[in-house]
Protein chains: 2
Amino acid sequence: MQLDERKWKILKAIIKTYLETGEPVGSRTISKYADLNLSSATIRNEMSDLEDLGYILQPHTSAGRIPSDKGYRLYVDQMMEEKDKEVTEIKEIMIQKQDKMDLILKEAAKVLAANTNYATMITTPQYRRTKLKFIQLSLVSEEQILVVVVAEGNVIKNKILRIVHNLDNETILKLNILLNSSLDGLTIEEINLSTIARLKVQAGIHSEIVNSVLDAVAEAIQMEEDIEIYTSGATNFFKYPELSDSEKASELISTFEEKKQLAALVNERNERQETGIQVYIGNETPVQTMKDCSVVTATYDLGDGMQGTIGIVGPKRMDYDKVISTLKTLMVQLDHIYHRNES
Amino acid sequence: MQLDERKWKILKAIIKTYLETGEPVGSRTISKYADLNLSSATIRNEMSDLEDLGYILQPHTSAGRIPSDKGYRLYVDQMMEEKDKEVTEIKEIMIQKQDKMDLILKEAAKVLAANTNYATMITTPQYRRTKLKFIQLSLVSEEQILVVVVAEGNVIKNKILRIVHNLDNETILKLNILLNSSLDGLTIEEINLSTIARLKVQAGIHSEIVNSVLDAVAEAIQMEEDIEIYTSGATNFFKYPELSDSEKASELISTFEEKKQLAALVNERNERQETGIQVYIGNETPVQTMKDCSVVTATYDLGDGMQGTIGIVGPKRMDYDKVISTLKTLMVQLDHIYHRNES
DNA sequence: TGTTAGCACTCGTCTTAGTGGAGTGCTAAC
DNA sequence: GTTAGCACTCCACTAAGACGAGTGCTAACA
């Protein structure tokens, strides 16, 4: 059996109604739908078919129907196609004077949560294949030197090193020049053993410092350790009865608090490359605790190979339509903000 | 009427039992207590007195008694006196190789939450009256300079400035020397208008850069904006039936997620200077949403005027004994860790 | 052949009444 | 001053019943 025009309309009506009410929807409710003009009995027949096809299901006999994961999936896929061009507007995010991306991201998570009434997460961008831009050593006190590493995209890392033998400013200057001239513009993969060996020879008696500096460099460019995940609106789960019983809510909120588990969502790289938006419904999610939820993730791209992920977690009866539009808008905005700060 | 020895013993027994079970405790339960040897009837009489005195109360007729805020308060005050010298041991916090205080604090919040089964929060240290140690300007690209400000306690701030007219390295060097010689060792209060005016005169045509740099300095030393609060174990609220109904739990967890409201706890500076530990019971708390909870805060002090706050939020029937011991131990540990990293 | 009205049936939810038990306060005796 | 005993209170739990939303099926209609 195929999904004809009418069945699709009915399915859509069921899903939409369920999204609003959160309760199983019956045939009479759907029969009142304007552009159908069918009696409840007819609807019942069609619903029975839709159930056989696996798009909807009954929580128990004599209850209405609710969409199955398969039903949601169809709905979402269909919708993504329709929405693909259109990008709606949401209010400009309030950006405080701080030009720090971190704060903006935190704010974005908050705004998103407030707007959608779902739980949200956002990661700091990951600097894949980022190049070194600048290294600076300075003598802070007699036995401490400060290492500052700037990578492409103005990612800055500091490290304080303890040193054994005294260094004078002139030596530091020389080391600075040496380091910058040897390493400038290289990616982490390009700094290999031979580069390092050459560096050490040139550094002479200060080769141990080179080691420490390289550690700092590695730390600065290495993303793994440094990826932060900001979350907001975890308590929104309480707004949806199907998720708000103690046990489920506790699990979900814990997951959000822990953050580590959320990394799984980030790392699942988007198969849906075209739009960068990925929807996981129910069991499709890589995070087990979210099996009763739907998760929508979007990848934002700031150029220079910097990418981050935004995610929204809510009940399966999520307003997919709005969520996807909002995410798209946000991605565009992040892009703007970033490039405005840049120039 | 005064609290005689026997009443005090009974009150303690009631509170202890209630701390464990979380349910109103009746006279028979207490009568079984070893070192009392009284019948339930006698206990009932005493309990009636204790109720008149306001130390315990009945949720409803024919239920057992639970401690009132006043009862908890007496219990806690008494206990703090007893525990004042003793500092117990808990397992060493796992410190990863990172020598960053931030990570340690996050970890500390987690360990504390896991250990106590309450929700915990910890603030990054606030750098009051911190002195400037070092300023470094460097040319990163043609129109960007990097400002690095190091304050006492090795707090490092970075800022990227955009510049209009080209600067050569020599000018930068001069500015560096100028800035460091004028500002080194000063606190934020000591950098006043006359200092700034003098600086600008000396900087000549580059006085606008001085402005930007001073902004960065202010930002680096200013604590307000920069105080981070890490939280952990917010879902522990679910473990205590009296806090776990949707509404209360949601409010509490929101408060923890928001973090802003938590600042109120931090800012209430400890009246109890001697130990640095402060206990708020029920309505005593400055945060309204926690009126059904108890809050224990401790101030840790890393020297150099750097202080932070650790807090634990749980049900009123909190294991005050353990919490206070644990907090004390943690404070000592933070101190150790910090000074080990320092030297 | 597709659509519809009608009806019996199912099953979850809400309400109500009833029961059991934990705990108290009071009184009288030791 | 302490204790045993008893009547009383009130919550928590359970079972039974009423209600209603929704279904599936059948028969009639266009």
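The entries below go from the pair of chains to the interface, the cores and the salt bridges.

**Entry: the model.** I note at the start that this is a predicted model.

**Entry: the two copies.** I superposed chain A on chain B and got an RMSD of 0.1 Å, using a rotation of 180° with 0.1 Å of shift along its axis. The two copies are thus related as by a two-fold rotation axis. I then looked for the residue of chain A that comes closest to this axis, and found A:Ser246, with its C-alpha at 3.6 Å.

**Entry: the interface.** How many residues does the contact take from chain A and from chain B? I read 40 residues from chain A and 40 residues from chain B. The area buried between chain A and chain B is about 3100 Å², and carbon and sulfur atoms give 49% of this area. Of the interface residues of chain A, 100% are also interface residues in chain B, so the copies meet through the same surface.

**Entry: bonds across the interface.** I looked up the polar pairs between chain A and chain B and found ten residue pairs in polar contact. I also found two salt bridges across this interface. In A:Glu228 and B:Lys106, the side chains meet in a salt bridge at 3.3 Å, N to O. On the side of chain A that touches chain B, helix 5, strand 5, strand 6, strand 7, strand 8, helix 9 and helix 11 of chain A each supply at least two residues. Helix 9 of chain A gives the largest share of that side, seven residues.

**Entry: the other interface bridge.** I found the side chains of A:Lys106 and B:Glu228 in a salt bridge too, at 3.3 Å, N to O. A:Lys106 sits in helix 5 of chain A, and B:Glu228 in the loop between helix 8 and strand 8 of chain B, so the pair joins two chains. Are these two residues buried or partly exposed? A:Lys106 is partly exposed, at a relative accessible area of 29%, and B:Glu228 is partly exposed as well, at 30%.

**Entry: the nonpolar cores.** Which residues have the most contacts inside the largest nonpolar core? I found A:Met290 and B:Met290, in a core of 92 residues. Helix 1 of chain B (residues 5–21) contributes the largest share of this core, eight residues. Another core, of 51 residues, lies apart from it, and includes A:Leu36, A:Leu38, A:Ala108 and A:Val279. I then listed the contacts of A:Met290, leaving aside neighbours within four places in sequence; among them are A:Leu252, A:Phe256, A:Leu262, A:Val295 and A:Val313. As a general remark, nonpolar side chains tend to be buried together in soluble globular proteins.

**Entry: salt bridges over all chains.** I counted 22 salt bridges in the structure. In one of them, the side chains of B:Glu242 and B:Arg317 meet at 2.6 Å, N to O. B:Glu242 lies in the loop between strand 8 and helix 9 of chain B, and B:Arg317 in the loop between strand 11 and helix 11, so the pair ties together parts that are 75 residues apart in sequence. B:Glu242 is partly exposed, at 26%, whereas B:Arg317 is buried, at 7%.

Entry: I found B:Lys291 in a salt bridge with B:Asp292, with the closest N and O atoms 3.9 Å apart. B:Lys291 counts as partly exposed, at 36% relative accessibility, and B:Asp292 as partly exposed, at 26%. Last, I found A:Arg6, A:Lys7, A:Glu46 and A:Asp49 joined into one network by salt bridges that share partners.

Key
Residues numbered from 1 in each chain as written. Chains lettered and ligands numbered in written order. Predicted model: local features only at pLDDT ≥ 70, side-chain atom pairs only at ≥ 80, totals over all residues. Heavy atoms only, no water. Least-squares fit on C-alpha atoms with pLDDT ≥ 70 in both. Contact = heavy atoms within 4.5 Å. Core = buried A, V, L, I, M, F, W, Y, C linked by side-chain atoms within 4.5 Å. Buried < 20%, exposed > 50% of the residue type's maximum accessible area, 1.4 Å probe, protein only. Helix = DSSP H or I, 4+ residues; strand = E, 2+ residues; numbered from the N terminus. Salt bridge = Lys/Arg side-chain N within 4 Å of Asp/Glu carboxyl O. Buried area = accessible area lost by both parts, 1.4 Å probe. Polar contact = N/O pair within 3.5 Å; in protein donor to acceptor, adjacent residues only side chain to side chain.
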